[in-house]
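Subject: Handing over the model

Hello,

Here is the structure I promised to pass on. Please open it first; my notes follow below.

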Amino acid sequence: MKLNNSSHLAPATIICRSTSALYSSIGDETVLMSLERGNYYGLDAIATDIWLRLEEPVSIGDLCARLVEEYEADLPTIQQDVLNLLEQLRTEGFLDVQDHA
Amino acid sequence: MAADYHLCGWRVRSDIDLSELLPWQGDDRSVDVEIRAASILKTTEDPVFVLPHSNLWANNDFELNMPGVGRFRVEAGCRVLVEPAADRLENELKAFLLGSVLGVLCHQRGLLPLHASAVRIRESAVLIAGTTGAGKSTLAAALGLRGHGLLTDDVAAIDPSGPLVLPAYPQRKLTPDVLDALALPHDGLVTHRPGQVKYRVPLSDGFAAAPLAPAAIYILKQTPLGPFGEPVRLPPVNAMAVLNRMIYRRQVGTRIQPKAALFQSIGRLAQIPVYQVNRRKGAPLDTLDRFAAMIEAHALQHEC
Amino acid sequence: MHGIYWLASYPKSGNTWLRLFLENLLDNGNSFDLNNLRFTAHNAAERQRFDRILDICSSDLTDDEIANARPRQFELEAAAATTPLLYKTHDAWRLTPAGEPLFPPAVTRGVVYLVRDPRDVAISMAHHMGQSVDQIIVRMANPQAVMERASIRMPGQLPQLLTTWSGHAASWLSAPVPLLLLKYEEMLADPIISFGKAAGFLGYKRTPEQIRAAVEAVRFERLQEMEETTGFGEKPPQAERFFRRGITGGWRDSLTPEQAGRITADHGEMMRLFGYLA
């Protein structure tokens, strides 16, 4: 899994949790800590749900499709929210982004 | 002449007098922690982490050097060597044995030591955390007068697997004006260190001697306005960040324990509700009882 | 290594005012929160900071042990800093009990020393500490005077040795470090020149307009309003307000001739040096 901080996040992009990300579940929220940077980051209930789905590599497209079913929301809204979250996770060092072939 | 004491559930055998600790009255098991007066030989290896008074080696052996007081070596969470400086009173060594040394023992044993007092409210522990001078001991003493036993005054040793708060010893550090406000006598008390204001105040009864699960954690914060505010629940990320800052002997501890383990320990503790409580800096002591009453009422709302 | 600038003064001599000016200047004119300063919050005697940097509990140490350890704290911070640090202090410049400078010259980039007519300082200090002017006059002449003596619970600051008002000034003026002297009276009379000099000395390149705007932002009345609204953590419990009057020469209305005479007798030499005695 190559770490790539600059590639554009697209539906075909494969993402997964960073191996240096520690997390702790508290209630229905999650607190993340980067082993590399030592910074703490909080995820609310929905972001937690997304985080749990990143345990194994998944494409952004597949992730969004499953969330559309789960939350009965429209795809553009889901995509926007997911991309925002993934960008933040990447900036904070919690996300691995695989170069797609 | 060595004696056996109880500290955080350990059987401690010590050459140095530690009579503020409860004598060991538990089972007949082997000694958990040994404290010996001995010459400390210089190690051949260099330490991996160095601060002006502290050295840490790769195998997690730790040394504290207090010029004019003594040198303390802490190994494997079970062995403490003390080399007092010439004609140093045993009393002076205690501040470090029951402070830094205790903290490092906790870290070496995978426990989580925090800057916190803890009292027993019904069947649970309530932690009162905060920086030096925030009023932890004072609040714990005021809660003591309301009938809530003391588990620990200064360093709260937490077993993260419970989590459980481990009882330390029946003594607290209080200033003369707090003693007056709580109608406690001053006679025969010694200060913690020479020239200091806080006394070491033994607790004749009201010590909670068994480990207890925590029900609530209060972080005291000093503010300019007051006298005090209602507890405000901290969101999980803030709760963990605050608890992280409250780790006792933090720089050394975060190098003794793996980061992942410490994070998980804090995570387990943060399952317990964590509240911030504002208290005005220098608030008059006549508001102390009302403050304690508020905390007591708030704590009782939890499953204690 | 970038080193440390010490913003040093005897209490009630304009230190906070200078720091609030710098706060506004360094934050590019953004309004600041009195109780949440971000650029100029470092206090050389802050207990929590000492504990954190040295990973030790100052509450387990004697005053001598604390003093001996403080140079180590400053060295560690200077070594780790990526820009020059600004530290406020009321300590006199002196040697620790172990015999070395409390403020190591090797990590000192410079000092801004603020001074104010001791007769006005006496009035201001009396209000700040909730004591009589006579008690303050004695204190200002006491070579062992210490600020924040740990007599009321455990204050957030380590003990700071003031020595006498004259001794304090003399100690800093004779310290082997680059020094800019600022007089409170000049700050009041011509703030743009005085604060501008300070900004320049501390290495901040700003336009005259930026200096002017920052001076305006910390006008005394504004600071009083802020304190009314949010309180100010630097105000001790016994003082009514921190930003009380902010004038010079107020001593003429408030000191008896006998009190003024005593101050002049105690500190005449330094007062003459600073031009406080005609």
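In which sense do strand β6 and strand β7 of chain B pair? The answer is antiparallel, over three bridges. Strand β6(B) covers residues 54-56, and strand β7(B) covers residues 62-66. One bridge can be named: L56(B) has F62(B) of β7(B) as its partner. Bear in mind throughout that this is a predicted model.

**The sheet in chain B**

The two strands belong to an open sheet of nine strands. Its order is β3-β1-β2-β4-β9-β8-β7-β6-β5, and the pairing is mixed. The edges are β3(B), residues 22-23, and β5(B), residues 49-50. Each has a single partner strand, so one side of each is left without a neighbour in the sheet.

Helix α1(B), residues 90-108, touches β4 (33-37), β7, β8 (70-75) and β9 (79-84) of chain B. The direction of α1(B) makes about 20° with that of β8(B).

**Two domains in chain B**

The contact takes 23 residues from domain 1 of chain B and 22 residues from domain 2 of chain B.

On the domain 1 side, β6 and α1 of chain B each supply at least two residues. The helix α1(B) gives the most, with 11 residues. By class, that side has 12 nonpolar, nine polar and two charged residues.

**Two backbone points in chain B**

G162(B) and P163(B) are joined by a cis peptide bond, with omega about 0°. Look for P163(B) in the loop between β13 (155-159) and β14 (164-166) of chain B.

R249(B) is not a glycine, yet its phi is positive, near 55°. R249(B) sits in the loop between α4 and α5 (250-256) of chain B. Is R249(B) buried or exposed? It has 25 other C-beta atoms within 10 Å. The cut-off for buried is 20 or more, so R249(B) counts as buried.

**Chain C**

N28(C) also has a positive phi, about 55°, although it is not a glycine. Its place is the loop between α1 (15-26) and α2 of chain C.

Next, a pair of helices. Helix α2(C), residues 47-54, packs with helix α3(C), residues 63-80, at an angle of about 75°. Their axes are 10 Å apart. Angles of 65 to 115 degrees count as roughly perpendicular, so α2(C) and α3(C) are roughly perpendicular to each other.

Which residues make this contact? From α2(C) come F50(C), I53(C) and L54(C). From α3(C) come A69(C), R70(C), R72(C), Q73(C), L76(C) and E77(C). These residues divide into five nonpolar, one polar and three charged.

**How the chains meet**

Two pairs of chains are in contact, and chains B and C share the most contacts. Chain A and chain C do not touch. Their nearest C-alpha atoms are 17 Å apart.

Chains B and C:
- The contact takes 29 residues from chain C and 25 residues from chain B.
- On the chain C side, α2 and α3 of chain C each supply at least two residues.
- The largest share of that side, four residues, comes from α2(C).
- By class, the chain C side has 12 nonpolar, nine polar and eight charged residues.

Chains A and B:
- Here 12 residues of chain B meet 11 residues of chain A.
- On the chain B side, α4 (236-245) and α6 (259-269) of chain B each supply at least two residues.
- The helix α6(B) gives the most to that side, with five residues.
- That side divides into eight nonpolar, three polar and one charged.

Over to you.

Best wishes

Notes:
Residues are numbered from 1 along each chain as its sequence is written. Chains are lettered from A and ligands numbered from 1 in the order in which they are written. This is a predicted model: local features need pLDDT of at least 70, side-chain atom pairs count only at pLDDT 80 or more; totals for chains, interfaces and linings use all residues. Two strands pair if DSSP finds at least two bridges between them. Two residues are in contact if their C-beta atoms, placed from the backbone, lie within 7 Å. Axes are lines fitted to C-alpha atoms, for helices over the stretch in contact, and angles run from 0 to 180 degrees between N-to-C directions. Ala, Val, Leu, Ile, Met, Phe, Trp, Tyr, Cys and Pro count as nonpolar, Asp, Glu, Lys and Arg as charged, and the others, Gly among them, as polar. Angles under 35 degrees count as roughly parallel, over 145 as roughly antiparallel, 65 to 115 as roughly perpendicular and the rest as oblique. A residue is buried if 20 or more other C-beta atoms lie within 10 Å of its own, exposed if 12 or fewer, and partly exposed in between; C-beta atoms are placed from the backbone.
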